[in-house]
Amino acid sequence: MASVELVKVAKRYGKHYVLNPLDLAIPDGSFTVLVGPSGCGKSTLLRLLAGLDTVSDGDIFIDKQRINDLDPADRDIAMVFQSYALYPHLTVAENLAFHMQVKKVPRQELQGKVEQVARLLGIERLLQRLPKALSGGQRQRVAMGRAMVRNPRVFLFDEPLSNLDAQLRMELRAEIKSLHQQLKTTTVYVTHDQVEAMTLADQIVVMKEGNIVQQGRPLEIYDRPVNTFVARFIGSPPMNLLEGTIAMRDGQPGARCGELWFPLPAKWHAAAQHQGDAPVTLGIRPHDFLRVNAAAQPVATLRIMEVTGETSLLHMDWGGFPLHIQFAGRIECRPGQPLWLEAKAESLHLFDTQSGNRLGETP
């Protein structure tokens, strides 16, 4: 295990920065997930850690040792790739043992390590097969095992589940989490899938256009996104964003969004007063709505409904805004049918429309 620290690290090609100078601390034994849209710089950051790309500016430290000039083989880092990167002419056992053979590990120790890792990953019966005889999930387990036998200080995962179907992704996600809990090895995991980020991470780092936008524990980021980009990116379905202004009704401050008016809880009163007439953006998570028999708000109209069995996702038109609304269980409703809705006031989010930044709350 090891701590990892990036200090003013940047990557550029000519004058073009693909990774702007950034600072990042990854605690010893943590599971840190780098998440963001394609092209945000997360895979570039991982390659810099692995030594597959050179740092343009700044320094990278592992356990306070500067590693900028170390070869990848000397960094004591193991990487699991999206494409598996297995040797096609070697059996599973030979793939697992390859690094130890290069290091001239004694045969008995090598066999013991291969068998131990194979048991941990549930691939004991596959040891004599070639990669072409394996499924995608089995190949990814072998790729993970090949990294594990090295017993590295840091694991790096570069979108390892993106080539798998939904069921396998869920199963391997659970396995990766379980392995981390057992091994306690510092892990840096890259994905564009925010569900993976939420379920796996101790610490999430949200990236955009080569910058770190927000970092913290998963539920901290989910509950208090720093701007509208994070609000929409973290959460599935994404947060609804409605543009409006601050308005008073019967002495109660609220957000007026077209024909809709939402009373604001006390934690937003100071921010609302400070915002004045400046535009605001109201954020409402899809699960933070209530279906009621009647309401002061205009009626909403159902466009499309998606039912999974455990949840119902409603695509609505409400006061001129398209909204995603999620209810637990099954909802009796037909397209075109009117519904009356209320938003849970305590769960509202408020952002400055011009900057997109979250407004300050009163604790």
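1. How much area do domain 1 and domain 2 bury between them, and what share of it lies on carbon and sulfur atoms? The two domains bury about 670 Å² between them, with 59% of it on carbon and sulfur atoms, where buried area is the accessible area (1.4 Å probe) that two parts lose on being put together, summed over both. Tyr222, Thr228 and Arg232 supply 64% of the area that domain 1 buries against domain 2, which is more than any other three residues.

2. Please keep in mind that this is a predicted model, in which local features need pLDDT of at least 70 and side-chain atom pairs count only at pLDDT 80 or more, while totals for chains, interfaces and linings use all residues. Residues are numbered from 1 along each chain as its sequence is written, and side-chain values use heavy atoms, with hydrogens and water left out.

3. The domain assignment, which is automatic or taken from a database, gives domain 1 (4-233) and domain 2 (240-352). Their centres, taken over C-alpha atoms, are separated by 39 Å.

4. In domain 1, 7 residues are in contact with 7 residues of domain 2, contact meaning heavy atoms within 4.5 Å. Across this interface the rule finds 0 salt bridges, a salt bridge being a side-chain nitrogen of Lys or Arg within 4 Å of a carboxyl oxygen of Asp or Glu.

5. On the side of domain 1 that touches domain 2, the elements giving two or more residues are α7 (218-223) and α8 (228-233), helices being DSSP runs (H or I) of at least four residues, numbered from the N terminus. The largest share, 3 residues, comes from α8.
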